[in-house]
Structure formats: structure tokens, C-alpha cells
Amino acid sequence: MNRDPKFFLFKHLDIFKEFIFYLEVELEDTLFLTIRRGVDEATRISFKKHQTGHQDFSTLPSPEWDHSDVPFERAIDLLDSLLDWRVLKPWSYRNGLGYLLRTQDDYQDVFQLRKFAGKHAYWKPFLAHILGFDAELISEHYDKEKQLSEKQEKAETIKKELGGSIEDISKIEGLLLLKQKEAEKKQELLDAFDFRMQDKAHTKYLVDGIDDRIASLNGERYSLTQSKKKIMASLEDDGILFNPDEAQRLFAEAGVLFQGQIKKDFQQLIAFNRAITDERRIYLQEERAEVESELKRVNAELNTLGKKRSETLAFLSGTDVFNKYKQVSDEMVTLRADITSLERQRGFLHRLQELRTTIRTLSEELSHLQTRIEANVEEQNSDQKSLFSTIRLFFSEIVEEVIDRKALLSVSPNKDGHLDYTAEILDEAGNATSANQGHTYRKLLCIAFDLAVLRAHIDDRFPRFVYHDGVFESLDDRKKENLLSVIRHYADLGLQPMITLIDSDLPIRPENELPVFDREEIVVFLHDENAQGRLFKIKSW
């Protein structure tokens, strides 16, 4: 057990170091149990059973205790067996103590105590159990939900490992098979130190691949060169040989008239032909640019193929067998790296498929559990003789006796299959109000709930005591008297309600009436007038 440094005993260890505390508990079999625990050695606990109560064992030597200085974890199990609150099983007595020892911090919610903040899986199944529902279904639902969440997180992690892309497992298996076969062949080649098959492969690649492509490209280059030659010729041959002025001179020498409309028509014809020629030049220049671009591409590919051809021929004609061995070895390294990568992807994909199958199964199981939970809750709600119905009635009776309003205790499954617990104060028409949202009435609901649960289990092996701090705060005198009557009634039933209050919270009574509490009802009366009025009988710190 870890010590809470804020707890007053450990915060002021110099004062309480020598303190040893004793607690006497009455057991079901009319026996009593005294528990000893010191501050200095808080993890060592002693137990002693005895026949009569109100015993003082502060001077009893350690050997005379039934169980002396028991380690903390074993002491929990031992006390659990001695108390024998078997109705709480499979939970320990510690799970119910929060509802039996209500401090001011535990009045914020009727059902969810401060120590259970945010941990519904820790308290909802236990609460369902003591209210009469099938807690095993609730616990199993939380367990399955946790498993499902873990599997989903693992699946997302694997997706991230795969880089966000999930290849088809069949494709991965196929690629892996091809790579493995290729690696086997190369390994056999290396093991035999014989490169004839490798040479053959390179030769076939050279003849069928590179040479054929080079021949094709050469033909393409020849065709493109011829096209370019024709385009260039067309571009150069763009002159118009007929000159109207020269023709006029020749006609004049021959004594033939060449002027006026005839000359004008020839000039228009020449202008028309020149326009056509200019447009044709534009198209020819565009075609020349395309041809030159294709020639550039073809020449570049021919240069690349020429280098590959030279490298392949160098391999075939090489006399150094170790260079060939090194080349094949390098290829094997690349192959093995590819195989390792594919095997890793295959492993991830197989794991992902398994997770998806498990996720589907868990989702189906959760759905079935939710159906069973809903059926169980409906059954307990509708059965007027069920434990839950009994607690509901006691709960409403207590609230009605104190504030003259009925109260409703409800349990229902939400969309996720978890149980939602609600406690509401009703108006005269039976409708829920917001009164339970105030601190005073919410505290009353907490007290009513704890008492109702104890009464419903009064014939069972179940705790019989409950403690409420500041029980009368903020209530008016009439409601204080009503609540005190309820507490006394429950004490008469055989339960042990314990309350604390300050004298200013006592209901005011006329002087001729009896005091609020009889002397035997007061366990301890504390004041700050002197050390004797303080809990530990020491001066304040």
C-alpha cells in the first residue's frame, strides 16, 4: 500500500508515529474481531477473535494475537474471509466501503464515488451486483470492450507500419513466390560457380532485346531524317520566279503591250501565291520542330542502348569470372532485400487479417452481451419482487418520509450496453424535478440509497453499518427531525447507522422537550476547549 502524504497521519508523522489504532467489529456468528494497525508499520496488521465485546487488547503481547503482523495484501484476504460478506462475492469487502463510509466528498453523486472518477468498469458492475442485476454480464461486457479496443489499436498500428497502403495478400504472396524462385536460381548459379546460364540469359537479352530495339530505332531515325530533308528543301524552295516588271520589259521589246489590267491581275496573283506560301512555311516549320524533337529522343535512346549493349558484350567477353560472381552476388543482395520486405508485409497482413477476424468476433459477442444485459435489466425492473424493486421502494419511502416527496431510482442500459444509474426527486404529479441537483437533496438521496441497500440485504451476509458525515447540514428543522426518525427506525431494524454533526446543525426543540439525542446514542462528543475534547486527546497542531 502506498502512503498518501496528504493524509493527516502521514503528513504529521512526527506526531502520530507511535500511534497504534484498534477497531472492534461484531461478526455474524456473535463473535467479535479486534484489528490492530500502527502508523509506523502501517503494512503490518494483527487480528484477534473473541467472545465478548468492548475488550482492550492494547497491552496484549504479539504472540497472543491470532494473526500477528500480517503483510498488507494477505491481511486484506484474511479480513475478507473473517467478515464473510459472501453476498459481495466475487468482490472484496473493500469495494463496498465507499458506499458505507460517506464523507463530504462522496455526496457529489449518488452512485459514482470520488475515488471512482472516470473508471466506470471499476464500480458499475459491483453496483449492479448489489442492486440485483447480473453483474457477470456487465463485467464481461467491459472486458470484451477493452479487448476490442486493444485489437483495434493494434490493427491501426499495423496499418501505419504498412505505410498506409494495404496490398492484397494474394498479390504479396505471388510476388514473394516469384522473387524466391529467382533467388533460388541465382543461388544455384553462385553455388556451382558456373555462369553459362547467366551468359546465355545476357546473350538472349542482347539479341532479342537490345539489338532488335536498336534496329527499330535506326529505321525510325532514317525515316525522320528523310522527312526533315524534304521539309528543309520545301522551305528553301519558296521563291516566285515570275516578275511583272521584267515581263513588261520583254513584251515591250517584242512590240506587245503589257500594262494596265493585265499587269494588275498578275500582281494580284503573285500576292495570293505569296500569302499561301507564307502560311505553308509556318506549317513546315512546326513540322520540322516535331521531327527534330523525335530525332533527339531517338538519338538519346540509341545512345542509352548502345551503352547497355557495350556493358552486356563486356560481360560476355569478360575473362574475370570473379567480376561476374560479384555482379550476380549484388543481384542476390537486392533480391533478398526484396524478399525480406515482402515477407515482412506478408506477416503484417496475416496479423491484420487475424485481428480483423478477432475484431468481428468481439463485436458480435459484444452485441450478444448487450442484448442479454437489456433483457436482464428489463426482467429486474418489471419484477415487483426483485431485489432492485425492493431497494427502489425503500429508497422512495426514506425520501418521502423526510421531505414528503417520492423519489425514483432507475437503472437502464445506454446505447453502448453500459448501465446508467439515476436517482430523481419527483413532484406531486410524479414527474422528475431538478431538486436532486442541489447539494442538500443530493446528499439526502445518497443517504437514502445507502440505507435502502442495507435494508434490502438485511437477511444476507452483508454489511450492517453505514456512516454519513454532516448529515443534517442545510436541512430545515422539520426535515432534520424526519431524517433522524428514519435513522432511528433503521437502527431498530438491526442496522448500525453512524452520523456526525456539529451542535449548530441540531434541530431546535423547546426547552420542555427531550434533547435530540440520548446520552447512550452519542459515541463521542468533541470540542476544542482542551486536549480532552479532541479526538486523539492531544494538543492541536
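Let's start with a pair of strands: strand 8 (residues 465-468) and strand 9 run parallel and are joined by four bridges. Between strand 8 and strand 9 the chain passes through helix 14, making a β-α-β crossover that is right-handed. Within this pairing, Y467 sits opposite M498 of strand 9. Keep in mind as you explore that this is a predicted model.

## A closer look at helix 14

Helix 14 covers residues 477-492, and its 16 residues should span 22 Å at 1.5 Å a residue; the end C-alpha atoms are 23 Å apart, which agrees. At its start, a side-chain oxygen of D476 comes within 3.2 Å of the backbone nitrogen of R478. Just after the helix, G494 has a positive phi of about 110°.

Which residues of helix 14 are buried? They are K479, K480, L483, L484, V486, I487 and Y490. These residues cover an arc of only 160° around the axis, so they lie on the same side of helix 14. An α-helix has 3.6 residues a turn, so residues three or four places apart point the same way. The buried residues of helix 14 pack against helix 12 (387-403), helix 13 (439-456) and strand 9 (496-499).

Elsewhere in the chain, R36 belongs to strand 2 (residues 32-38). Is R36 buried or exposed? Its relative accessible area is 12%, under the 20% cut-off, so R36 counts as buried.

The R36 side chain makes a polar contact with the side chain of S46 (2.9 Å). Beyond neighbours within four places in sequence, the residues in contact with R36 include F21, Y22, L60, W65 and D69.

How values were computed. Residues are numbered from 1 along each chain as its sequence is written. This is a predicted model: local features need pLDDT of at least 70, side-chain atom pairs count only at pLDDT 80 or more; totals for chains, interfaces and linings use all residues. Side-chain values use heavy atoms; hydrogens and water are left out. Helices (H or I, at least four residues) and strands (E, at least two) are DSSP runs, numbered from the N terminus. The expected span of a helix is 1.5 Å times one less than its number of residues. Buried means under 20% relative accessible area, exposed over 50%, partly exposed in between (1.4 Å probe, protein chains only). The arc is that of the directions from the helix axis to the C-beta atoms. Contact means heavy atoms within 4.5 Å. A polar contact is a pair of N or O atoms within 3.5 Å; within protein, one must be able to donate a hydrogen and the other to accept it, and residues adjacent in sequence count only if both atoms are side-chain atoms. Two strands pair if DSSP finds at least two bridges between them. A crossover is right-handed if, with the strands pointing away from the viewer, the path from the first strand over the helix to the second runs clockwise.
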